[in-house]
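Dear colleague,

Please find below the structure that I am handing over to you. My findings follow directly after it.

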Amino acid sequence: MKTAITDLFGVKYPILNAGMGRVALPNMVAAVSNAGGLGVLGCGSNPPELTREYIREIRTLTDKPFGGNAPLMLPNGRANAEVMLEEKVHVVNYSMGKGDWIAKAAHEYGGKAIASVTNQHLAQRAQAHGADAVIAAGLEAAGHAGDVTCFVLIRRLAQMLDIPVIAAGGVADGTGLVGALALGASGVSMGTRFWTTQEGPMHQNFKDKAVELDITDTIFSDKYDGVMNRVMKTPAAVRALNGRVNPIAVFFSSFSLARELNIPYLKLFMDVIKSGPKNTYDMMRMSQMLQMHTITLTTGDMQKGMTASGMSVGLVNDVPTIAELMERIVDEAREAYARLNEQMSEDAATSSSSPEAA
Ligand SMILES: Cc1cc2nc3c(=O)[nH]c(=O)nc-3n(C[C@H](O)[C@H](O)[C@H](O)COP(=O)(O)O)c2cc1C
C-alpha cells in the first residue's frame with residue numbers, strides 16, 4: 001500500500017474521498033483521514049467564511065493530513081482556494097481552471113497541490129504549472145467526467161506524466177483499487193462510494209436508491225449545466241434532460257442561491273448577465289440543478305431530487321460507516337493482489353514445466 005501518493009501526502013492508504021461540494025463535509029473528511037486515507041473537503045460554491053469554519057472544524061476532528069477541493073470556475077471557487085492556502089491546508093485540490101498560483105502558494109508552506117483533469121492536455125498543463133499530482137476522471141466518473149474511459153485514460157497519463165496519477169471513476173472497492181494501481185495510478189479518488197456511507201449527508205432515500213441501482217443507471221449529458229455531467233437516473237434527472245429551463249422558477253430560486261453563496265443578489269445577477277447569453281443560460285440550468293440537489297440533502301423526495309453519481313453506483317451494495325468501508329477496501333485490495341500473485345505464479349510454474357519451455 002506504499003505508493004507515490006502515500007509518501008507525498010503522508011497517509012497510510014492511497015485512497016481519497018472526492019471533494020464533493022455540499023457532500024464531503026468535515027465529518028466525512030475526518031473519517032477518511034482518521035481511517036488512513038486522505039479526506040478532502042468539498043468547498044463547491046461555499047461562502048469562503050464557511051470554508052474556513054469547516055477547515056477549523058476538521059482540525060478538531062483529526063490530526064491527520066487532509067485536503068480540500070475548489071472548483072475555480074464556480075462562484076466563490078477562487079476565494080475558497082485562497083482560504084485553503086491561508087489556512088495552510090495540507091493538500092489543495094483544484095478543478096475547472098488554472099492552478100499555477102495555487103501550486104506556488106501551497107509549496108511555500110510545504111503543502112501540495114492536485115489538479116483534477118479529464119484529458120491529456122489538462123494533465124500536461126497541470127504538471128507544467130507545478131501540480132504535485134493529478135486526479136484523472138474517466139468517462140465512468142460522477143459529475144464533470146471525461147470522454148475517455150478510466151482504463152485508457154489512467155494508463156495513458158501514467159505513461160505521459162512524471163507526477164503521480166490518481167484514478168477517479170468506476171472504483172468502489174479494493175479490487176478496483178488494485179486495478180487502478182496496475183494501470184499505473186498511484187491511488188484512487190472515490191465519490192459515489194463515499195456519499196453512500198453513514199457519514200454521507202444525503203437523505204437515506206437516495207442512499208437506498210443507490211444500493212438498488214445498476215451500472216447503467218446514470219445519465220451523461222450537457223443538458224444540466226452546459227458541460228457533460230454524469231448524474232443518477234432519477235425521475236427529475238430524466239425530466240430535466242427533456243425539459244427547458246423555467247425562467248420564473250429560476251428567478252425565485254436565485255434569491256435563495258444568492259443567500260446560500262452569501263453574494264449580494266444584485267451582484268450575482270449582474271455577474272451572470274455580464275458573462276454572456278450562453279453562460280447565463282447555463283447558470284440558469286445550474287441553478288435549477290442545485291435546487292434539485294438540495295432535495296437530496298433535505299426532504300429526499302425521489303421524484304424531485306437529483307445528484308451526481310458515477311457508473312460505480314452499480315457496485316454499491318450497502319451503506320457502511322467510512323471506517324468499515326476503508327477497512328474492507330484494504331482487505332479486498334490485499335485479497336485481489338494475492339489472487340493475482342497466485343495466478344501469476346501458477347502460470348509461471350505451468351509454463352516452466354511445459355515441454356515448450358524446455
Ligand atoms: C455528489 C457529487 C458531488 C461532486 N462534486 C464535485 C466537486 O464539487 N468538485 C469536483 O472536482 N468533483 C466533484 N465530483 C466528482 C468527483 O470529484 C469524482 O470525479 C467522481 O465522483 C468520481 O467518480 P465516482 O463517483 O464513480 O467515484 C462530485 C461527485 C459526486 C458524486
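Buried area here is the accessible area (1.4 Å probe) that two parts lose on being put together, summed over both. Please note that this is a predicted model, in which local features need pLDDT of at least 70 and side-chain atom pairs count only at pLDDT 80 or more, while totals for chains, interfaces and linings use all residues. Residues are numbered from 1 along each chain as its sequence is written, and side-chain values use heavy atoms, with hydrogens and water left out.

The two domains

The domain assignment gives domain 1 (4-202 + 320-327) and domain 2 (204-311); such bounds come from an automatic or database domain assignment. Taken over C-alpha atoms, the centres of domain 1 and domain 2 are separated by 22 Å. The area buried between domain 1 and domain 2 is about 2100 Å², and carbon and sulfur atoms give 60% of it. On the side of domain 1, Arg22, Trp195 and Met202 lose the most area to domain 2, together 35% of what that side buries.

In terms of contact (heavy atoms within 4.5 Å), 25 residues of domain 1 meet 27 residues of domain 2. Twelve residue pairs across this interface are in polar contact, both residues being at pLDDT 80 or more. A polar contact is a pair of N or O atoms within 3.5 Å; within protein, one must be able to donate a hydrogen and the other to accept it, and residues adjacent in sequence count only if both atoms are side-chain atoms.

Arg22 lies in the loop between strand 1 (15-17) and helix 2 (26-34); helices (H or I, at least four residues) and strands (E, at least two) are DSSP runs, numbered from the N terminus. Phi of Arg22 is near 70°, a positive value in a residue other than glycine. Arg22 counts as buried at 18% relative accessibility, where buried means under 20% relative accessible area, exposed over 50%, and partly exposed in between (1.4 Å probe, protein chains only). His293, in helix 14 (residues 277-297), is likewise buried, with a relative accessible area of 12%. Leaving aside residues up to four places away in sequence, His293 touches Gly21, Arg22, Val23, Met202, Met306 and Thr307.

Salt bridges

The count by this rule comes to eleven salt bridges. Arg52 and Glu86 meet through their side chains in one of these (2.7 Å, N to O). This pair links distant parts of the chain, with Arg52 in helix 3 (residues 48-61) and Glu86 in helix 4, 34 residues apart. Arg52 is partly exposed at 25% relative accessibility, and Glu86 is partly exposed at 49%. Arg56 and Glu87 also form a salt bridge (2.6 Å, N to O). Arg56 lies in helix 3 and Glu87 in the loop between helix 4 and strand 4, so this pair ties together parts that are 31 residues apart in sequence.

Arg193 forms a salt bridge with Asp318, their closest N and O atoms being 3.2 Å apart. Arg193 is buried, with a relative accessible area of 2%, whereas Asp318 counts as partly exposed at 26%. Through shared partners, salt bridges join Arg52, Arg56, Arg59, Glu86 and Glu87 into one network.

Yours sincerely

Key
Salt bridge = Lys/Arg side-chain N within 4 Å of Asp/Glu carboxyl O.
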